[in-house]
Amino acid sequence: MSTSPSSEPTAPAPLPVTAVTCTEDRAHVERTATLELRPGTQLLRLGPVSALAVDRTLHAELTAGFPATVLDVRIVRAWTPRGPEPSDDDSPLRRRVTSLEEERPLLEQRRDRLAARGEALGRLAADLLREIGEGAGS
């Protein structure tokens with residue numbers, strides 16, 4: 001019995017790390033997932049997987065008690081660029097950075113206005129002191 005792969009987009013199935021072997025130039029990372037599959041051809045999205053993963057070391061096997069075969073395993077990289085606005089899955093720190101970046105121009109504008117007022121008050125104080133000095137000498 002064979003069915004065509006499902007064309008509907010699915011969320012990636014989680015792949016928790018179960019073992020890691022490190023060498024001086026690479027690491028071998030094992031991930032294990034238990035999935036319920038229907039009979040027939042299946043297209044699975046598994047992740048998250050590092051962008052540095054390579055196809056030649058990719059391996060998949062079935063441990064089911066019935067006859068089944070893995071026909072093909074490959075890494076397909078897809079990247080969706082982030083939008084300019086923070087999304088729901090962003091960290092609280094990223095949302096805070098975004099809000100501070102939005103607040104910054106307003107605060108800079110307020111700082112410039114206050115600096116201009118300070119300069120004007122400084123000139124007024126200097127003029128007042130000069131007039132007081134001129135009045136004291138007469």
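Select Asp112 first: in this predicted model, Asp112 is partly exposed, with a relative accessible area of 45%. Display Arg111 beside it; the two residues form a salt bridge in which the closest N and O atoms are 3.3 Å apart. Side chains of opposite charge can pair when their charged atoms come close. A search of the whole structure finds 4 salt bridges, and two further examples follow.

Next, select Glu108 and Arg104. Their side chains meet in a salt bridge, at 3.0 Å from N to O. Both residues belong to helix 1, where they lie 4 residues apart, about one turn of the helix. Glu108 is partly exposed, at 30% relative accessible area, whereas Arg104 is exposed, at 54%.

Proceed to Asp127 and Arg130, whose side chains meet in a salt bridge of 2.8 Å, N to O. They are 3 residues apart in helix 1 and are therefore separated by about one helical turn. Asp127 is partly exposed, with a relative accessible area of 31%; Arg130 also counts as partly exposed, at 46%.

Now move to Asp90, in the loop between strand 4 and helix 1 (92–136). Is Asp90 buried or exposed? Its relative accessible area is 7%, so Asp90 is buried. Beyond its neighbours within four places in sequence, Asp90 is in contact with Arg82 and Arg95.

Finally, select Leu44, in the loop between strand 3 (27–31) and strand 4 (46–47). Leu44 is partly exposed, at 40% relative accessible area.

Terms used: Residues are numbered from 1 along each chain as its sequence is written. This is a predicted model: local features need pLDDT of at least 70, side-chain atom pairs count only at pLDDT 80 or more; totals for chains, interfaces and linings use all residues. Side-chain values use heavy atoms; hydrogens and water are left out. Helices (H or I, at least four residues) and strands (E, at least two) are DSSP runs, numbered from the N terminus. Buried means under 20% relative accessible area, exposed over 50%, partly exposed in between (1.4 Å probe, protein chains only). Contact means heavy atoms within 4.5 Å.
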